[in-house]
Amino acid sequence: CGLAAIYYCARAGQGGATPFGWHPLTVAGARVFLGMAFDAIDGSLARLTRSTSDLGAQLDSLADVVTFGVAPAFMMLRLVSLYYGPGEAGGETILGPDTGNLYARLCWSVAAVYICCTALRLARFNVETGSASEEDHLWFRGLPSPGAGGAVAALTLLHQHFVLVTWKDELPAGFGATGSLFIPAATLLCAFAMVSRVRYPHFVNRYLRGRKSLPAVAAATVVVALSVWWFHEALAIAMTGYALSGPLGAAFRRRGPDQGTDAPAGA
């Protein structure tokens with residue numbers, strides 16, 4: 001999935017057929033979320049089949065570096081390049097450290113920092129994880145890499161949805177270029193969140209497993225219903241909200257003893 005996302009990012013602005021006729025960046029974002037779906041179930045399947053192993057944990061982290069590290073960083077860089085690329089029509093050349101203007105170098109540096117923070121996040125997880133048991137997989141320390149990659153991908157998808165669908169015929173002047181400036185800033189914040197010690201809940205293990213109360217089921221139904229009508233907006237809000245939930249929770253939560261450890265494979 002990570003390789004496919006990078007491939008379609010590279011094709012942005014070059015034309016050619018894509019699945020469902022989507023813009024290449026939209027296809028790339030979908031591949032990142034497909035990788036998230038696989039990542040959400042790999043640990044459960046390993047425990048279900050009693051096939052957890054140290055080798056599997058290492059392979060999972062290596063895959064995460066590509067799918068949730070390199071792919072989202074390249075997606076951000078390619079999106080900005082569409083509007084600020086050094087080519088005559090813009091976007092013909094991907095922004096890099098050899099580009100003349102300072103903003104291009106900063107965006108490339110943000111992408112590099114994000115990838116490094118993803119690798120550090122996953123390496124720390126491998127060292128600090130206590131065991132493969134589900135009890136040790138209820139909390140993350142630092143924003144998990146799928147959450148960071150999902151936030152960057154969701155914001156990119158929302159930008160493309162506004163530009164290509166919602167306001168296709170009446171796009172506000174300068175929205176595409178101006179809106180793309182927020183993606184590098186969000187990418188950098190996600191990078192710092194990954195290497196922080198802020199606690200994040202493991203969404204699947206804490207909120208989707210076991211029996212749920214009627215209010216919880218009703219709330220989930222409302223969220224799903226809203227997602228049907230405003231999918232891109234709901235996805236961006238959900239991923240951004242999760243990325244912000246750690247620092248917001250730390251700000252409002254009374255300091256106390258640590259209540260958990262890092263989450264399972266895919267953190």
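Accessible areas were computed with the Shrake-Rupley method and a 1.4 Å probe, and for residues only the protein chains shown count as cover. On this basis the accessible surface of the chain comes to about 14200 Å², of which 68% belongs to carbon and sulfur atoms. The model is a predicted one, in which local features need pLDDT of at least 70 and side-chain atom pairs count only at pLDDT 80 or more, whereas totals for chains, interfaces and linings use all residues. Residues are numbered from 1 along each chain as its sequence is written, and side-chain values use heavy atoms, with hydrogens and water left out.

Ten helices and two strands make up the secondary structure of the chain; helices (H or I, at least four residues) and strands (E, at least two) are DSSP runs, numbered from the N terminus. The order of the elements from the N terminus on is α-α-α-α-β-α-α-α-β-α-α-α. Of the 267 residues, 40% count as buried, where buried denotes under 20% relative accessible area, exposed over 50%, and partly exposed the range in between (1.4 Å probe, protein chains only). Among contacts (heavy atoms within 4.5 Å) with a separation of 6 or more, 77% are accounted for by residues 24 or more positions apart.

One salt bridge was found in a search of the whole structure, the criterion being a side-chain nitrogen of Lys or Arg within 4 Å of a carboxyl oxygen of Asp or Glu. The partners are glutamate 128 and arginine 197, whose closest N and O atoms are 2.8 Å apart. This pair links distant parts of the chain, 69 residues apart: glutamate 128 belongs to helix α4 (residues 102–128), and arginine 197 to the loop between α7 (182–194) and β2 (199–201). Glutamate 128 is partly exposed, with 27% relative accessibility.

Disulfides (pairs of cysteine sulfur atoms within 2.5 Å) number zero in the structure. Cysteine 117 is accordingly in no disulfide, and the nearest cysteine sulfur, that of cysteine 116, lies 7.0 Å away. Cysteine 117 is buried at 8% relative accessibility, and cysteine 107 is likewise buried, with a relative accessible area of 2%.

Two non-glycine residues with positive phi were also examined. Phenylalanine 20, with a phi of about 65 degrees, is located in the loop between α1 (2–10) and α2 (24–48) and is exposed at 71% relative accessibility. Arginine 50, with a phi of about 55 degrees, is located in the loop between α2 and α3 (54–84) and is exposed at 79% relative accessibility.
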